[in-house]
Amino acid sequence: MLYSEEKIKAALGDHRDTVKIIIDDVTASTNDKGKAIAATGESKNTLILAYRQHKGKGRMGRSFFSPEGGIYMSLVIPKTGLDPEDIPLITPAAAVAVCRAIESLTPAEPKIKWVNDIFCNGGKAAGILTETVFSSEDFFSVVGIGINLIPPKGGFPAELNGIASSVYGKGEEIPQDIMSILAGTVTRELLDLTVTIPERGFSEEYRRRSFVIGKDARVIKNGIPTEAHIVDIDKNCRLGVIYRDGNEEYLLCGEISLSF
Ligand code: BTN
């Protein structure tokens, strides 16, 4: 499976001329490369793709397993024009973009686990890590997305067993150019959704695509887990929880672990 710049551009639609594309065989982390590009003050949207990462980064300082067979992409968006308090909404916007692309192009039925995980086929098949870079008196968003497209040769590492999954299952037919078309489609959807952030244009869709409401979970804050019941996701994509002691809270960011 190889990327084709032409196919990516076709999937970008109206954005085809506004996105610079970089395709690497292997890189440490497409997000780190994106941050270096942002630091130069690059004025164009830049999409960085790699077939493999040897220091793929996840949220909370974790690593992201990035062997061949996955899509590892970072979109550098200069001058989003967003108010600083709206920046956290880029991650939910990206989650919706990934779901739309997977749903329209593959047989998988993607669902969102707040805040940044995409589940397919019973496990986590994609994750999002958004980073912000301040440069030229403005801020750049670097939206990193990792999608496990097919099961990795040799399987997932033991620590991801029972957690990770992929968009396509073992033996499923993989359409030609799916990597390019998915990467281009996610980028197009994300650029379209980013401009709707001020009016929360996608939060209803984010809520609808989420599978956590009504479930019991452990809310992890500063490394400390607390049992809670998930009751809502509001228009700011904040997670509404009720703790065992009856206290309620709306979380803008953080992490939950579900008791399935
Ligand atoms: C998470 O699930 O915790 C977030 C995972 C984000 C992984 C992607 S892969 C492309 C980009 N480069 C990185 O180093 N990380 C993100």
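## Close-up views of the pockets, the cavity and the ligand

**View 1. Lining of the second largest pocket.** Strand 6 supplies the largest share of the lining of the second largest pocket, namely 3 residues. The model shown here is a predicted one, and in it this second largest pocket holds about 250 Å³ of space. Its lining is made by Arg59, Met60, Ile87, Pro88, Thr91, Pro92, Val115, Ile128, Leu129, Thr130, Leu252 and Cys253, and the elements that give two or more residues to it are helix 3 (90-105) and strand 6. Sorted by class, the lining of the second largest pocket has 9 nonpolar, 2 polar and 1 charged residues.

**View 2. The largest pocket, whose space is taken by the ligand.** About 880 Å³ of space lies in the largest pocket, and among the 42 residues that line it, Arg62, Asp117, Lys124, Leu160 and Ile163 are the closest to its centre. Two or more residues of this lining come from each of helix 2, strand 3, strand 5 (117-120), strand 6, strand 7 and strand 12 (255-258), with strand 6 giving the most, 6 residues. By class, the lining of the largest pocket comprises 19 nonpolar, 15 polar and 8 charged residues.

**View 3. The shell of residues around the ligand.** There are 20 residues around the ligand, of which Ser29, Gln53, Lys57, Arg59 and Lys124 come nearest. This shell divides into 5 nonpolar, 11 polar and 4 charged residues, and strand 6 gives the most to it, with 4 residues.

View 4. In the side chain of Ser29, an N or O atom is 2.7 Å from an oxygen atom of the ligand, while a polar side-chain atom of Lys124 lies 2.4 Å from an oxygen atom of the ligand. At Asn31 the backbone takes part, with an N or O atom that lies 3.5 Å from a nitrogen atom of the ligand. On its own the ligand has 410 Å² of accessible area, and the protein covers 98% of it. Helix 2 (30-39), strand 3 (70-78), strand 6 (123-135) and strand 7 (138-148) are the elements that give two or more residues to the shell around the ligand.

**View 5. The largest cavity.** The count of cavities of 30 Å³ or more comes to 1, and the largest cavity has a volume of about 40 Å³. Lining the largest cavity are Pro67, Glu68, Gly69, Gly70, Tyr72, Asn148, Leu149, Ile150, Pro152 and Phe156, which divide into 6 nonpolar, 3 polar and 1 charged.

Methods:
Residues numbered from 1 in each chain as written. Predicted model: local features only at pLDDT ≥ 70, side-chain atom pairs only at ≥ 80, totals over all residues. Heavy atoms only, no water. Near = heavy atom within 4 Å. Polar contact = N/O pair within 3.5 Å; in protein donor to acceptor, adjacent residues only side chain to side chain. Areas by Shrake-Rupley, 256 points an atom, 1.4 Å probe, with all protein chains shown as cover. 1 Å grid on protein atoms, 1.4 Å probe; cavity = no way out; pocket = protein on both sides within 12 Å on 5 of 7 lines; lining within 4 Å. Sits in = over half its atoms within 2 Å of the grid points. Nonpolar A, V, L, I, M, F, W, Y, C, P; charged D, E, K, R; others polar. Points joined across faces, edges and corners; volume = space filled by probe spheres on them.
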